[in-house]
Each structure stands twice: as structure tokens, then as C-alpha cells.
Amino acid sequence: MPEKNLRVELLSMTPDALSLIYAAFRQCYHAGFVGDMWPRLLSGEIDRETQADFVRKTMESGHDSPVEHVSLTFAVEGISRACSHQVVRHRIASYSQQSQRYVAENDMDYILPPAIARIPEARERFERFMAEVQSAYSDLRAILVDHGRKAKANEDARFVLPQAAETKIVMTMNCRSLHHFFHLRCCNRAQWEVRAMADAMLAICKETLPALFINGGARCEQLGYCPESPKFACGKYPTRTPGQ
């Protein structure tokens, strides 16, 4: 029943992503048909730096709907069920999560919060409870099997599993949804675990599609001020006062 660490991997991205976004942007401002331009984009006749520069400048104007044409798919492990409950609240996305009905938690992995890990007596109590949960789950599952539940024992025994239980998820978001995700979840006020996941995803996005994500992150990083009210601001940036 080991402690698990976060791992994020990029599985897939829409092919020719930069050129596709460039074409979508250009169609908004171009009298012709970008379908005729497409072979020139793929051949390199219109070089990638020209495409990237146009995309960056257009996004800086606030026009960002064309980036919805490109999606990225990530595999994530080493997050808690508490974290995954926050992630799936982002609705313009697709998720496939490891099932506790069909995957038995015979050796439950878990996420240990850093604040608990730093305090020896808190860590000892947390780990002792994880062992108690594992024992209860295994006992209940065995009893249910003995009473004829067989493969369905998992779906009832799982009711004792904690939010700390580790889960794995595959998630797909378009680039506009990703920016919104990063605006909220890279914020210092986001919970530490989902923020670590968002930071890892953002690092991949910056490396993979820098024209779109080089300035990605918490909303305050783009605005230069905190959009929260003073009551909720973390203090990294000043809040915007009325009339500004």
C-alpha cells in the first residue's frame, strides 16, 4: 500500500496543430478560402515562425475561439480521488477514469498531503488509518465474495475507500479549455494537488505548443493584477480597484 507520486504524460495532440490554428485564425480575416492555403502551410512555404507569430499576436488581442480546433490528451496517475473530483468539474473536456468497481484495491495506493507528511505524528496517524482502511476493504470484499457477490464485491467494498485513494485518468481538452483550466488551477489559491497537476500539464503544453501556451498559467500572470477580490487574493499581485 505505497504512497504514490504525480505523473503526467501527453498521449496525443491534434496533428499539424499550429498550422490548423493558424488556418482557423486566418479564415476569420482572409477573403479567400484557407483550404487553398493548407498545402502551403504543411509544405513549409509559410514557415512555422510566421504562423506562430500570427497566432501569438492574434491571441493577445483577446480572440481565442479558433484554438478550440486543437485538443491534447493527457494520462495522469498519482492523484487522489479528491483531486479528480475537482478536475472533472471542468466540463468542456472528456475523461476516462480508473474504475473502483472493476479494479480491486487489494493493495491501495494513496496520496499523502505534504502538510501531513511534514509532521511525524500526523503522518503516523494518516498511514495507520490507510492500513485500517485497507484491512476493512479486504475483509469486506472477502466476506462479500463468500456470500455470493463474486465480481460485484468490489462495488460494495469500495464504499470504505478514502478520498486519498490514488486514481488514474485520461483527459482530453481543447486549447481554449486548457487555458481556462490553467487560469484557475495554476493559481496560488488552488489546492496544492490540482495545482501541481496543472503546472505539470502547462509545462508540457509550453514545450509542445509554445505559440499558444508560452504565457499560459494563472490569470493574474496575463492581467498583471489579481482578478479576485481583496478578500480572496493571495498577495502576489495587487487587486484591481473599482474604476480601473
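R40 and E45 form a salt bridge (a side-chain nitrogen of Lys or Arg within 4 Å of a carboxyl oxygen of Asp or Glu), with the closest N and O atoms 3.4 Å apart. The model is predicted, so that local features need pLDDT of at least 70 and side-chain atom pairs count only at pLDDT 80 or more, whereas totals for chains, interfaces and linings use all residues. Residues are numbered from 1 along each chain as its sequence is written, and side-chain values use heavy atoms, with hydrogens and water left out.

Relative accessible area was classed as buried (under 20%), exposed (over 50%) or partly exposed (in between), with a 1.4 Å probe and protein chains only. On this scale R40 is partly exposed at 36%, and E45 is exposed at 56%. The structure holds 18 salt bridges in total. Another of them pairs E68 with R176, at a closest N to O distance of 2.7 Å. Because E68 lies in the loop between α3 (48-60) and β2 and R176 in helix α8 (residues 175-185), this pair ties together parts 108 residues apart in sequence; helices (H or I, at least four residues) and strands (E, at least two) are DSSP runs numbered from the N terminus. E68 is partly exposed at 38%, as is R176 at 34%.

Salt bridges that share partners also join K4, R7, E9 and E77 into one network. E77 lies in strand β2 (residues 71-80) and counts as buried because its relative accessibility is 19%. Beyond its neighbours within four places in sequence, E77 is in contact (heavy atoms within 4.5 Å) with K4, N5, L6, R7, E166, T167 and K168.

The domain assignment, from an automatic or database source, gives domain 1 (1-100 + 166-214) and domain 2 (111-164). Their C-alpha centres lie 35 Å apart, and 13 residues of domain 1 are in contact with 13 residues of domain 2. Zero salt bridges are counted between domain 1 and domain 2.
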